[in-house]
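Dear colleague,

Please find the structure below, together with a short account of what was found in it.

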Amino acid sequence: MRRAPLLLYLTWLSVSFYSGIWLFTSGFLLMRIELNNQSRCSEPPSPAPHRQAAPCWFPQRFHKAVIVIIDALKYDFAKYNPANNNPKPYENKLGIIHQLTTSQPQHARLYPFRADPPTTTMQRIKGFTTGSLPTFVDVGSNFASYAIQEDNLIHQMIQNGKRVVFMGDDTWDGLFPKKFYKSFFFPSFNVKDLHTVDDGILQHLYPTVDGGDWDVVIAHFLGVDHCGHKHGPDHAETAKKLTQMNQVISTLIDHLDDQTLLVVAGDHGMTDTGDHGGDSEKEVTAALFLYSKAPLFADQLQTDPPAVPQVNLVPSLSLLLGIPIPYSNLGAIIDDLFGFPRDKLTAQLSKTSAYHLNAQQDYFSTGNVLLIYPYKVARYLDSYSRAAGDLPADKLRVLADRFSSLTAEYEQLMAHQEQQSEEELEAHLQMIIQGLRSYLDQAREVCMESWARFHPLHMIMGCIILLTSCFLCYIIAEAGSASTLPYKYLLGYPLLFSISATAMLGLAIWMSVVELDLVTVCAAATIVYQMSFYFNFRTRKGSEMSWRKRPIYLILSGPWVVLLVRCCSLFSDSYVVAEANVAPFLLTSLLTVTVVKLHWDSKLMLPTFNPLGNESLKPSLTPTYRKDGSRLLGLLAALGLCVRLSGLFHNCREETPDCQPSSFLSPLSSVRDPDIKNFSYLCCIVCLGFIVFFIRKWLQHYGNLNSSSPLVLYVRWGFPLIVLGIACYWALSSGTEDSLAKLRELTHLALVVSPRAIYALAALGLLLILWNPITIFMKSRASDEDNTVTTYHGAPGSAAELQHVIPQIYRKMQRTLKSRLQHGGVGEDGKKGTAVEAYGLGSVYSAAMVITISILTLVLIMLHSERLTPAFLLLLLEAFIILHIHGHVANLYSDGVELFSVPWYAVLAWSLAASQHFYSTGHQPVFPAIHWNSAFVGFQDGHTNNIIPALMVAANTFSASILFSAGSCLLLLWPFLCEAPTARRKKGKKESREGDTEDHDMPMMEMRLREDPDRFSVALLQLGTKYLFIQGVQLLSCVCAAMILRRHLMVWKVFAPKFLFEGLGFVVSSLFLLLGIALVLRVDCAVSNWFKRLIVQQNR
Amino acid sequence: MMDEAELRRLSAGHILCGLAVVVSLGVPPFLFEDFSLLGSHLTWLCVCSACVITVNVLLLLTLKPNPSTKRSSFTHKVNKLYRTCLYFFVSCLLFHGIIVLYGAPLVESVGETFLFAVLLSSFTTSRCLCILGPNFHAWIRVFSKDGAMSVWDHSLQITTFCSIVGAWLGAFPIPLDWDRPWQVWPISCSLGATFGYVAGLLLAPFWIYWNRKRLTYKSR
């Protein structure tokens, strides 16, 4: 049996999937790390020239501000064209803006407002409050909520004593929880609802503004955006909504005084269909309108104003309101706003200083600050580049040089201010302003490059690699019944090629001929590998292996239809949201179809029945049925029950507002009523006991619990010990508040010790399995030919049966092994030598597997909330039922030959069950639904590093994937186990007639696998590739959905998190699949050694 | 070989069955006030099931697809009728259970679920009962690959398959967020089942005619 190539091959397949995922992620998932540093009034970034005049960085111009955000207010909506006689529904509706900008050009101005992609509302709100470029995943210190951790405008306002009143979109509540002085939130979820939010705001807006109990009012209107989503911009509803907004602005202006600044801004634009999210011109061009009753602008503008980047609003607003600029701001100031007062020189000076202030702020962030200002605290992106390092170093260096020269120039100018004439000074200042402005633009450009742009090439290449990897899996899985795969051609040569290609690329990079990052190199290696694989496969297809071609209509057979439906469902946001119901539905359908097909193919009737020859309506000639029929129906019903019951443990996501998360998800300590608490605790312990009991019963049934090897002892005593430990831990953790003060330290200690003890016990168990996975009980006795004839008629499953049947297994093994090993004259010796009874030989592979799974289950249960234990019980039961159905079906369809190839439906059902139980263990593929508590099981005081908690949370999140993929080898082993009863029944009949037993009537069970090691190895490989294929196809459709629908309204809420979870889940599944297969190989190795030792003993 | 006359009788029967569904859509507006397929779906479910069952019974009495050679006594007939009703009721309960296991709500809208189960039973079980009688073994035989022994058996296979597949496919629009009135449980499923049933009725004679060479039935 070739073990190493098999593992290596599967590893390579997984790695090629990983590189596809990685490549796609690098192009799709723009990541940024949030820093928690905050700007303070007392710490200006440089000794500003206006320091003495300003209490905080820069003189305050306005005391109050009203910020009106109109969601999706496109520039086209706000722009008024008097010459347009035939306006579209969305044109020329905001007349008040036009009227103000023309009649009071120094008081009002309308700008195009350039949003940065992704143009989704949440990211935009983050963008114009932090002044940064938020990406989809802002890796902050806290994943569990969407709250903004970074320094931001709202935070600075509140820090500096402004009373901020908010009304409108409740997204702000998630982003700034409990920050506002007063707030009126309205639900934003229902896109079809055009008026609730807007009408709600209008109820409160004017009274609040008139009331005077505020410094900053923020109103976020959603109507226009919802109109766009529902009807598209070119619709009469949009016209109505815009007219309403016009009314709102003009009324609002009447309520303002001269100390107040009015900002009307759109957070993003929309496409012609009313969507947004991407980076097209129409989506990023929003409108910004500034107005104040006091003159705001120094000069009149002759032409249309230039576009203002959205991040520029933050520093401008901060300086106008006299608060510090938020720390992570990347924007520049809006020039025009700092041209006042009239005196040109002062104007220039103040502008320069504002610029400089801002640039410096920014500079400290961006570059290597220690070169020039060693005394400054490293600021935003200095800290950032230290934390993340994804900004290109050479570009940062250029920026740093540029800024240092500008700063030097500015300081020189300031120092020699008096010596120069006014014109000279002004010209110099002008130059410096230009320089600073372009510096800021470049800095923003550098950051945008790495934070705010998709890389279509990476995404497409990632998809292609995933696709070809899936295809590769499919080829291997269907590579006929080749008894041996030509590993040399399919693994060796391609691997050689790809390693040499990687080496060459590495050399080229080292010699700096080309510049490539690690992702690209990895992808290139994968591509080379796959190309040479396909080449080799094509050339040798005819000779050494054939790819079983299937007729095209088989696409319409059950498993493929279900797989197709499943993949298509990943492209619809509603289906992703409803996946917790879709996966069980498909699973039940799939298995029902399988059983019905079995009946349709007349496999459930005994072969004597011939329907064509009978007048079957006569009751006397009714066909006889196998018992399997009713048993299969019972199993199906049980499966349906399990699936339905496991739905009780569901969690909810915010897209389904009516959904109530299951009460079982909260920890037991949160239950108030002591009776319920005790009852639930008891139930959980009983479930836990059941799990252990069933596993022991199973092992006992197959005779694997008789030996006295350490592993069996571990199962006998270690499992109850683990259960006891878990029970202790739960009792302590759910009742800590009630404990006495004296005992508190003791309980605290116990809370730490008991889970750790369980981890240690579990690790010990896994080590024992690795060390000696054999659970066979051997009993030697004198050879007595008469005694070997077993006449057994007891009840199945009884202890007597074990005594009689299982020993028989060995004899045939002994003979075949001896003939294979070609010991001289062993055939003769064997009959005369001692016979050996081996208990549990027929299930030695599955026993090791089952023990491993149960250890993993117990540990995973502990990582979950107590009351999810029944969910795990259901998980195991469901897996058991699927295996049983599969075993029955496989045995009915074939007589031994086909057992080596696991059919597609079984693998698909297995993976569907894995996705179903992802949900039924209380998870959802969104970040707020992750069970963060699991990181502290056994680590009450927190962690010192990040790796262990990450692993624990991952184990908790993907526990279903872990259990199902580690157990996927059972799909191959189980039909051999199920073979036993049928074979025995036949034997029983024969015995009663002949009174004699032939060796070949013995149930061989898993020893069949050992008899044919080459086919065993190929079968394992094909099982692995089938599982990888099914997982990979699902991943591929998630990836494609995220790529194709990247402009979709729901991409950042549904598709991108789904892709992330699916990708991570794939990595976890493939790892545990490999581990499972490795375990089977380890058992195989051990069994070989065991036989060898036995032969040696016998020959002695 | 195929009996052409039998096939003609079958087609006529199917057209009548199809008409039953049409009647259930067309007649109630005259009988009930504000009847609509979507608005008063429960009424329609009842009416449609009743129509389909009535037509099936009528067909049994007129066309006699499965003439029994044995003379049967009155008690035997009563017994048979009793068993037929029992089977039908049990099949309704079974369908209800299966639908719930497939994910239908357990407690809320129990009435809808049960009426849907009745509709499915009237599409499948009532036809089985009329054609094969309350003979469970015959049912099992018919629904296997080589089990059909007459055009009626084939038509039974096809309509049952189509109704159930239709109901299954009808579940797919439910999760979508289109907010259409027909996405409400169990409207889409019952509509799917009905479409499937009608399609099966129309398809079956053609399919049998198409495959007439292949299908040979031993004479009874």
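Helices (H or I, at least four residues) and strands (E, at least two) are DSSP runs, numbered from the N terminus. The model is predicted: local features need pLDDT of at least 70 and side-chain atom pairs pLDDT 80 or more, while totals for chains, interfaces and linings use all residues. Residues are numbered from 1 along each chain as its sequence is written, chains are lettered from A and ligands numbered from 1 in the order written, and side-chain values use heavy atoms, without hydrogens and water.

H1 (residues 4–26) of chain B reaches 32 Å from first to last C-alpha, close to the 33 Å expected (1.5 Å times one less than its number of residues).

Ser190(B) belongs to helix H9 of chain B and is buried, with a relative accessible area of 0%. Its side chain makes a polar contact of 2.6 Å with that of His41(B) (N or O atoms within 3.5 Å, one able to donate a hydrogen and the other to accept it). Beyond neighbours within four places in sequence, Ser190(B) is in contact (heavy atoms within 4.5 Å) with residues including Trp44(B) and Phe116(B).

In chain A, eight strands form an open sheet of mixed pairing, in the order S6-S5-S7-S2-S8-S9-S3-S10; strands pair if DSSP finds at least two bridges between them. The edge strands are S6(A) and S10(A).

Yours sincerely

Definitions and conventions. Buried < 20%, exposed > 50% of the residue type's maximum accessible area, 1.4 Å probe, protein only.
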